Amino acid sequence: KIYEIFKHIRDKKTCPPRSVWAAKLKIDLDIPESKINDITDKIYKKQLTQRSQKDAKDMLDYLAIGYANNKLQFLTFMVDSFTLDKTKNYVEQIENEDNNGKDIKPITLSQWIATNAFMIELEQKAQK
């Protein structure tokens, strides 16, 4: 998907149509904490060598959520999703005639989290 987007940007020097950007992924976040802990303990903590890695609960939760969802590389997907949205935002700024290529600022992680539908849903679930 990312290759297709970059190819479009490179070849046509324009932002790809919405259909190219659209990629919906459904993740089950309603996984019992006991299952997350079980996956973390039995699979990931055995593979990690440093104590700081074993204590990184957020990272381990991302890995366990992916594992519980058909062994999806969830953490990788989230990083790719941010990179894709950041690239899209950058291209849209370049194409904006008002800025004439000046003052282009890439979207920050905190801006992305505040506007990304999945991250908003994740935050709402965390507050429950």
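A: Start with the source. This is a predicted model, where local features need pLDDT of at least 70 and side-chain atom pairs count only at pLDDT 80 or more, while totals for chains, interfaces and linings use all residues. Residues are numbered from 1 along each chain as its sequence is written, and side-chain values use heavy atoms, with hydrogens and water left out.

Q: How far does helix H6 reach?

A: H6 (residues 74-95) has 22 residues. From first C-alpha to last it reaches 31 Å, close to the expected 32 Å.

Q: Which residues of H5 and H6 are buried?

A: Buried means under 20% relative accessible area, exposed means over 50%, and partly exposed is in between (1.4 Å probe, protein chains only). In H5 the buried residues include Leu60, Asp61, Tyr62 and Leu63. In H6 they include Phe74, Met78, Phe82 and Lys88.

Q: How many salt bridges does a search of the whole structure find?

A: Side chains of opposite charge can pair when their charged atoms come close. The cut-off here is a side-chain nitrogen of Lys or Arg within 4 Å of a carboxyl oxygen of Asp or Glu. The search finds three.

Q: Where do Lys42 and Asp38 sit in helix H3 relative to each other?

A: An α-helix has 3.6 residues a turn, so residues three or four places apart point the same way. Lys42 and Asp38 are four residues apart in H3 (residues 33-47), about one helical turn. Their closest N and O atoms are 3.2 Å apart. Lys42 is exposed at 54%; Asp38 is partly exposed at 36%.

Q: Which residue does Asp41 pair with?

A: Asp41 bridges to Lys45, with closest N and O atoms 3.7 Å apart. Asp41 is partly exposed at 42%, and Lys45 is partly exposed at 31%.

Q: Is Lys88 buried or exposed?

A: Lys88 is buried, at 15% relative accessible area. Its side chain meets Glu92 in a salt bridge (4.0 Å, N to O). Both lie in H6, four residues apart. Glu92 is partly exposed, at 35%.

Key. Helices (H or I, at least four residues) and strands (E, at least two) are DSSP runs, numbered from the N terminus. The expected span of a helix is 1.5 Å times one less than its number of residues.
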